[in-house]
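Subject: Structure for you to look at

Hello,

Here is the structure I said I would pass on. Please open it first and then read the notes below it.

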Amino acid sequence: MRNPPLSNPQIGADGALTHLLSTEGLPREILLNILDTASSFLEVSDRDVKKVPLLRGKSVFNLFFENSTRTRTTFEIAAKRLSADVINLDVARSSTSKGETLLDTIDNLVSMHADMFVVRHISSGAPHLIAEHLNRLGRSDIHVINAGDGRHAHPTQGLLDVFTVRHYKKDFSGLKVAIVGDILHSRVARSNIHALNTLGVAEIRVIGPQTLLPAAMETMGVSVCPDLRAGVSDCDVIIMLRLQNERMNGAFLPSAREYFKCYGLTPEVLAYARPDAIVMHPGPMNRGTEIDSEVADGPQSVILKQVTFGIAVRMAVMSLLAGN
Amino acid sequence: MRNPPLSNPQIGADGALTHLLSTEGLPREILLNILDTASSFLEVSDRDVKKVPLLRGKSVFNLFFENSTRTRTTFEIAAKRLSADVINLDVARSSTSKGETLLDTIDNLVSMHADMFVVRHISSGAPHLIAEHLNRLGRSDIHVINAGDGRHAHPTQGLLDVFTVRHYKKDFSGLKVAIVGDILHSRVARSNIHALNTLGVAEIRVIGPQTLLPAAMETMGVSVCPDLRAGVSDCDVIIMLRLQNERMNGAFLPSAREYFKCYGLTPEVLAYARPDAIVMHPGPMNRGTEIDSEVADGPQSVILKQVTFGIAVRMAVMSLLAGN
Amino acid sequence: MRNPPLSNPQIGADGALTHLLSTEGLPREILLNILDTASSFLEVSDRDVKKVPLLRGKSVFNLFFENSTRTRTTFEIAAKRLSADVINLDVARSSTSKGETLLDTIDNLVSMHADMFVVRHISSGAPHLIAEHLNRLGRSDIHVINAGDGRHAHPTQGLLDVFTVRHYKKDFSGLKVAIVGDILHSRVARSNIHALNTLGVAEIRVIGPQTLLPAAMETMGVSVCPDLRAGVSDCDVIIMLRLQNERMNGAFLPSAREYFKCYGLTPEVLAYARPDAIVMHPGPMNRGTEIDSEVADGPQSVILKQVTFGIAVRMAVMSLLAGN
C-alpha cells in the first residue's frame, strides 16, 4: 500500500472529510465512519416514509459529463431521501459544449449557492480539479463527490463494496479477495484495492487476461494471477468486473465467448473458492460474458444487496460531507 | 365480452388491485372504485396548495422505454401532487442499452427500494412481465402501472375515458359509443372497449378504413362499421383516435387529406350523432387529419376535460395501489 | 424611450404584473418592486435551509423549446427554493414534434392545472402568444415568464443586470453604460436597454462591428459607437455580450482573433472606463474572444455576482406573479 499523497484535497485542515474523491489516501477512521454511518441509514429505506430531513434546503447538483443513468439515479435517490433539492444537469448538451470551461461552469453553480456536486467525468482527475478549485476559493462549505472519473476512481462503489464485504464477513483481517476481469480500464478495481488494503485484508488477487492487466500491479499491494481457477481458490470474496462491450472485438480480446470460457464465473469455477465465498459485481451485468446466470442468481451472489447498500453508503457520504 | 384470463397478475390473492396492467379483466367493482376515488381527487388540483401527503416518502420510478413526454408528465404531476419522490429514468440511454436485461434493471431498482414503476414500453406485455416477476418475488408491496405497452393496453387512458363518459352521461346502460380511426394499432381503443363493456354500455361501434381495422373485432363485443356517418348516427359518445403520421404514406392510407375526407370528424358529420353527444380524443390531436378544429374547439368537445380527469384518475390509481 | 405598446399583455386590468414578457413597457414602479423584492430574497439563498414556502403546491412548467441548460437550471433552482413542484418538459422531443400546435400543448398543461410557464423559444413572440392566449381564456391565475425568445427579449436577464447595476452604483441617474458586442442578435441587449432607460440612466452606448449593429438603434434611446475605446471612455458600467460561435466564420465576422483585437475587453481597454467601472457578462463567457481572462477574473468584474442576483430576481418574479 502506498502512502497517501502529500496533497490530499479531500481532507480538510481539521482532518475531516471535505470531498470524496478517491478511496486512495482515505484515512481508515474516516472510511470506517462512513461505513458505520451507512449502517444507520440502512433502515431509513425500509421505513414507510423513506425520508430524513438532514439535507433539507440543500442544493445537490448531479454533473454527469459522462452519461450513466444508473449511477445518477442512486445519487438522486440518496439525496432525495435526505430531503435535498436535486438538480440534474444534462452537461453534455449544456454550456461546456458552448465552449465554457469546466471551472467557469463550477463558478456559476457556486454563485447559485450549490452545496454539493456529484461529478462523473470521462477524464481522470476532473473531480480533483473541481475540489482543488473550491479549496482555493476557501469554500470548504461546498463538497465534491466523485461518481467515477476516467480509469481513476469510483470511490462510492469502492465503499459500498467494502460495506458489503464487512456485512457478510465481519472481520477483514483474514480475508482473501479476488478481483476478476478488465482490471486495466476499471476504476472500480482501483477503488476497491485501496479501500480493502486500508481495511487490512490478508490478500488481494487480480485476475484477468494479460492484455487487461496493468503493468506493475504489485506496487498496489496485490498479487496477479492470469488463471481464474487458481486465482479464486480459497477466496472469501470474488468481485467480478463488468466487461465493456468496446473491449470485445479489437486489440484486447478475441471474442465474448472466448472470454467467458477463460474468465467467466461459472458454478464449476466458483467451487474452487471457499464454500461461504460471496460473489459481487458492480453492475450492469453481462450475463454469459463475465458471469453465468446460475452464479449471478445463486445463493452466494450478493449483487443486489450491493445495490441496496449503495444507497445507504451514498446517503452516509452526503450526510457526513454536509456536516451531520 | 370475454371472461377475465385465469392468470391475472394485476389482482392480488385478496382480490385487491396490486398492479394496473389492463382494463381487460379488471373487475367492475375495482374499476368503479378507481372512478369514485378519482372524483375525490378532482378537487385537490383546484386547491391553492395542490398536494396531499398520501405518497410521502415513496419512490415512484418513471420507466419510459418508449418516449412520451406528455404521458410521463401526467404521471409525474400525479405523483408529485401525492407528495411522492419521482425519479425519471431516461431508459433509452441507460443500462438496458448496455445489454442489461429488463428484469435485471427492475431487480436493481427494487434493491433501491422502489415503491412503484410507471412503465411505457414499445413491446406489448413488458409491464405484465415486470408485474409477474414482482409477484414471483413475493413483493406485493411494489406496484406496476402500465403507461402504454405496444398495441396492447393503455389502461389509465381507458379509465380516464370512462371517467369522462360517466361525468357527462351519468349512466352507462343506454349508451352508444363510436370509436373512430386507427383501431388496428390503438392500445387506447382496446383499453376503452374493455372498460366500456365492463361498465355495460349498450353498443360500441368501431369505425375506420379496412386496413386499420383488426380482424375478428366482433369477439371483443363491438360492431364494425366502415362508414363514418352511419357509424356515428345516434351515438352518445364519439372517441376519435390519433392517426400516427407513420401510417400516412405507406401501405395503410393513401394520404392525410384522403383520410380526413372519409374519417375526419367535421361539424357536418357530428350532426349525425345525438345533439348532446360528446367528442373525445386522447391527444395529441392532428387538427385537419382526424378532427376538424371547429369540432375540437366546439361545445361538444370534452377533450381538455379528459386531460384534467386524467390527473385525478392517475392519482387515484397510485393512491389505491399504495394502499390508501 | 418609446411609449409602452397599447396592448401590453403582461400587465393586468388592475395594473399588476400578470406575465413577464419583456422589459419594454414594464412600468417603472413594477420594475422597482421586482428589484426590491429580489433584495429581500437574496438572504434566502444564504440560509442553512434555502427554502421558503411561498409557492408550495404550485406547478411550474419549464417549457424550453430552445435548449439552455444554464437558464433552465436558474429557474428550476428559483422555483424549488420557493417550494414549487417543477416539471421540466423536454419539448424538443415531445408532442410539438408530433405535430401538435403550441397552443394545444399549452391548453393541455392548463388542463393539468399548471400555475406558471417558463418559456424559452427560438421564435420571437412565442411567450407573448401564450400570454395573450391565457388572457383570452380569462386565466389571469396562470402566468408566463419569458426565458428568452428569439432576438426579442430576455427580461429576467435584463432585470438581474439592472439589479446588479443598482447594487454597485445605487443611483441610475448619472450613469453611462456601454453594451459591447453582437447587438444585432442579442435579446439581452434589447432587454437591458429598455430596463436601463426606464430607470433613467444618463447614457447608453452600443458598441460593435457594423455587421452586428441593427439599423436605427438611435430610436431605442442609445448612441452607437463603432470604436471600443471611445465607447467605453468614462463609462460606469460595461456589459459585454456573448459572441455566438456561429457568427464567427461567415458573413458577420472574419475570425474570433480579429474580433478580440477590435472588440475584446482587455485591461488596456478597460483603463479607458471610469476607475470604479464594473464589468458584466450574461455568460457563458468566451474567454479570449469577447473578454480577456484578466478582466473576467479581475477586481472590476461582477460577472459571478450577476449569477447570484439572477436567482434572487427569478424568485422575486415568480413570487410576485403568484400573488405574494
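Helices and strands here are DSSP runs, numbered from the N terminus; a helix has at least four residues and a strand at least two. Please keep in mind that this is a predicted model.

Chain A as a whole

Chain A contains 11 helices and 9 strands. Its C-alpha trace spans about 55 × 40 × 40 Å along the principal axes. A compact globule of 324 residues would have a radius of gyration near 20 Å, and chain A, with 19 Å, agrees with that. Of the 324 residues in chain A, 52% are buried. Taking the contacts in chain A between residues at least 6 apart in sequence, 79% join residues at least 24 apart.

Chains A and B

How is chain A laid on chain B? A turn of 120° with a shift of 0.0 Å along the axis does it, and the RMSD is 0.0 Å. This is the relation of a three-fold axis.

The two chains also touch: 23 residues of chain A are in contact with 19 residues of chain B. On the chain A side, the elements that give two or more residues are helix H2 (69–81) and helix H11 (303–321). H2(A) supplies the largest share, 7 residues. Sorted by class, the side of chain A that touches chain B has 7 nonpolar, 9 polar and 7 charged residues.

Backbone details

Two residues of chain A have a positive phi although they are not glycines: A:Ser83, at about 75°, and A:Lys170, at about 60°. A:Ser83 sits in the loop between H2 and strand E2 (85–89) of chain A. A:Lys170 is in the loop between helix H5 (155–169) and strand E5 (176–180) of chain A.

Are these residues buried or exposed? A:Ser83 has 18 other C-beta atoms within 10 Å, so it counts as partly exposed. A:Lys170 has 8 C-beta neighbours inside 10 Å and therefore counts as exposed. The cut-off for exposed is 12 or fewer, and buried begins at 20.

There is also a cis peptide bond between A:Gly283 and A:Pro284, with omega about -15°. A:Pro284 lies in the loop between strand E9 (278–280) and helix H10 (293–296) of chain A. In chain B, a cis peptide bond joins B:Gly283 and B:Pro284, again with omega about -15°. B:Pro284 is in the loop between strand E9 (278–280) and helix H10 (293–296) of chain B.

Regards

Methods:
Residues numbered from 1 in each chain as written. Chains lettered and ligands numbered in written order. Predicted model: local features only at pLDDT ≥ 70, side-chain atom pairs only at ≥ 80, totals over all residues. Contact = placed C-beta atoms within 7 Å. Nonpolar A, V, L, I, M, F, W, Y, C, P; charged D, E, K, R; others polar. Rg over C-alpha atoms; globule rule 2.2 N^0.38 Å. Least-squares fit on C-alpha atoms with pLDDT ≥ 70 in both.
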